[in-house]
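Student: I am new to this structure and would like to learn how to read its features. Please show it to me, and then let us go through some of them.

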Amino acid sequence: MNINYQESTKTIRRNPEMGYPHFSSWQDMKKEGIMTSQQMKEAVQNLSGYVNLLYTLTDFTKNGGGADMPITEKALSDLGDQLHSLASRGGSALLRFAYDSRGERDKEPESLEMILTHIKQIGEVLHQYNYAVAGLEAGIIGLFGEMHNSKYCGEEFSKPIIQALLDACPDGKPVLLRSPIYLKAWSSKEFSEIAGWTPEKGSDAARLGFYNDGYMGSDSDLGTWTEDMLTRKEGIDYLNRMGTQVFYGGEYSGAWWWTTRFQAWLPENAIPEMYRSHVDYIRGNVFKDEHVSYENFIYGEDYEYSWFPDNSAYYGQTTWKFIRDHIGYRFVLRASDAKAEGRKVSLRGQVENTGFSSVINPKKAVLIFKAEDGTVYQTPIECDVRDWLSCQTTPYEFSAMLPEEAAPGRYEVYLRFSLFGITEEACRLSAIEFANEDIFNEDIGGNLIGEVNIQ
């Protein structure tokens with residue numbers, strides 16, 4: 001058996017909860033259900049992989065043209081159906097709910113209590129279909145649900161709203177805030193305290209990340225980082241400490257003629273910051289056009305730091321391709337060994353994570369044994385892929401028993417990490433693909449890590 005332990009330069013599009021999520025246009029949750037065009041309905045029915053799902057709630061507010069009232073059972077049922085359908089195709093969603101999708105102010109309900117009621121109702125659905133939920137972009141208040149231009153953005157309102165969203169998001173999954181000002185509001189800490197704060201792992205505070213809709217738009221990311229609140233350096237330092245626990249992402253923003261007045265977007269500045277801030281996902285990429293494009297720069301040793309992983313496979317590639325392929329986690333099998341004693345199979349090896357970030361939500365770990373006749377056996381194992389941190393090479397060692405019904409012979413051994421899917425097919429479709437050449441088997445959703453002969 002020959003395994004190539006070098007990193008390939010393939011773009012992996014299928015891995016869960018990282019990269020460029022599929023983006024859905026706003027869907028209107030109305031009294032009679034989720035209403036959308038036929039084209040949009042068909043698009044949502046075919047979504048798979050990592051997806052942004054966006055929903056408006058204006059029909060349940062007086063200021064939006066309806067009445068301040070709870071979300072109807074039909075609208076909530078439709079939401080659950082969409083999540084279940086996505087999960088059946090191996091997908092998961094980063095969701096945002098909002099009262100505005102057109103840039104119009106003051107569309108929220110007239111009382112905080114009604115907002116909290118809506119969040120609680122949404123949370124009941126998300127908990128029921130938790131297997132389809134990657135996390136929440138906090139949103140809900142302000143223009144486009146981006147937490148600005150609303151009376152509810154003040155600390156007295158935003159703190160209970162953020163806590164309600166934490167309660168609504170299931171299984172300790174991440175809730176992303178628009179900017180550090182909301183972390184201050186929720187935590188009641190001063191910015192000077194946040195600058196050196198490391199929330200306890202597993203706490204609500206450790207679940208709060210950021211979605212940066214001004215990403216690389218200026219040296220302050222269009223006001224995300226400011227000298228009088230949290231500076232860019234302080235913010236990146238905070239994310240560097242927190243990035244193994246919570247998502248950080250957002251949307252490239254700013255017109256090229258404005259962005260190019262600043263230095264943050266330049267690859268020599270952006271790439272090390274992407275590693276330190278642990279970028280998990282990016283929605284949109286305006287930096288691939290004739291005026292300002294990462295395709296105009298070539299990745300090489302001059303971009304590297306001593307603490308970087310082994311990125312030598314990408315020397316000579318454009319920085320756009322390098323960035324695109326390293327958003328989130330990226331696993332490279334660097335060594336492997338497999339031995340069998342009777343029916344006991346022991347495996348050890350090393351995996352390097354060359355990506356900007358790590359796996360955030362738990363994944364299901366399974367060893368798959370494939371016989372020469374194609375028969376497959378699966379054994380769950382204890383292996384937490386969240387421990388395979390960015391910029392680190394991590395050893396693994398585990399063992400498993402081949403079932404008694406398995407005939408003697410040669411077996412290929414595959415390792416699969418996947419979402420906790422509702423079916424075996426969903427697990428296969430949501431499996432993490434390693435960045436080595438020719439070791440991922442799409443038919444079973446596993447990465448080849450060894451071969452053994454069972455006597």
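Student: Is S203 buried, partly exposed or exposed, and what decides that?

Tutor: This is a predicted model, and the label comes from relative accessible area: buried means under 20%, exposed means over 50%, and partly exposed lies in between. S203 has a relative accessible area of 21%, so it counts as partly exposed. The residue is found in the loop between α6 (191-194) and β8 (208-215). Its C-alpha atom is separated by 8.4 Å from that of G172, 31 residues apart along the chain.

Student: How many residues of helix α9 are buried?

Tutor: The same label can be applied along a helix, residue by residue. In α9 (residues 267-277), 8 of the 11 residues are buried, so the helix is largely enclosed by the rest of the structure. Among the buried ones are P267, I271, M274 and Y275. Their cover includes β8, α7 (232-242), β9 (248-252) and α10 (319-326). Just after α9, H278 takes a positive phi of about 60°.

Student: At what angle do α2 and α3 pack?

Tutor: For a pair of helices, look at the angle, the distance between axes and the residues that touch. Helix α2 (residues 73-88) and helix α3 (residues 112-128) pack at about 30°, and their axes are 10 Å apart. The contact is made by L76, L79, G80 and L83 from α2, together with Q121, I122, V125 and L126 from α3. These residues divide into 6 nonpolar, 2 polar and no charged. The crossing of α2 and α3 is right-handed.

Student: How many salt bridges are there?

Tutor: A salt bridge here needs a side-chain nitrogen of Lys or Arg within 4 Å of a carboxyl oxygen of Asp or Glu. By this rule the count is 27. One of them joins E146 to R96, with the closest N and O atoms 3.8 Å apart. E146 lies in the loop between β6 (133-137) and α4 (155-168) and R96 in strand β5 (residues 92-98), so the pair ties together parts that are 50 residues apart in sequence. Both E146 and R96 are buried.

Student: Which residue forms a salt bridge with E137?

Tutor: The partner is R283, and the closest N and O atoms are 3.2 Å apart. E137 is in strand β6 and R283 in the loop between β10 (281-282) and α10, 146 residues apart. E137 and R283 are buried.

Student: Which residues do shared partners join into one network?

Tutor: The network consists of R96, E137, E146, D213, E251 and R283.

Methods. Residues numbered from 1 in each chain as written. Predicted model: local features only at pLDDT ≥ 70, side-chain atom pairs only at ≥ 80, totals over all residues. Heavy atoms only, no water. Axes fitted to C-alpha atoms, helices over the stretch in contact; angles between N-to-C directions. Helix = DSSP H or I, 4+ residues; strand = E, 2+ residues; numbered from the N terminus. Left-handed = near helix turned anticlockwise from the far one by under 90°. Contact = heavy atoms within 4.5 Å. Nonpolar A, V, L, I, M, F, W, Y, C, P; charged D, E, K, R; others polar. Buried < 20%, exposed > 50% of the residue type's maximum accessible area, 1.4 Å probe, protein only.
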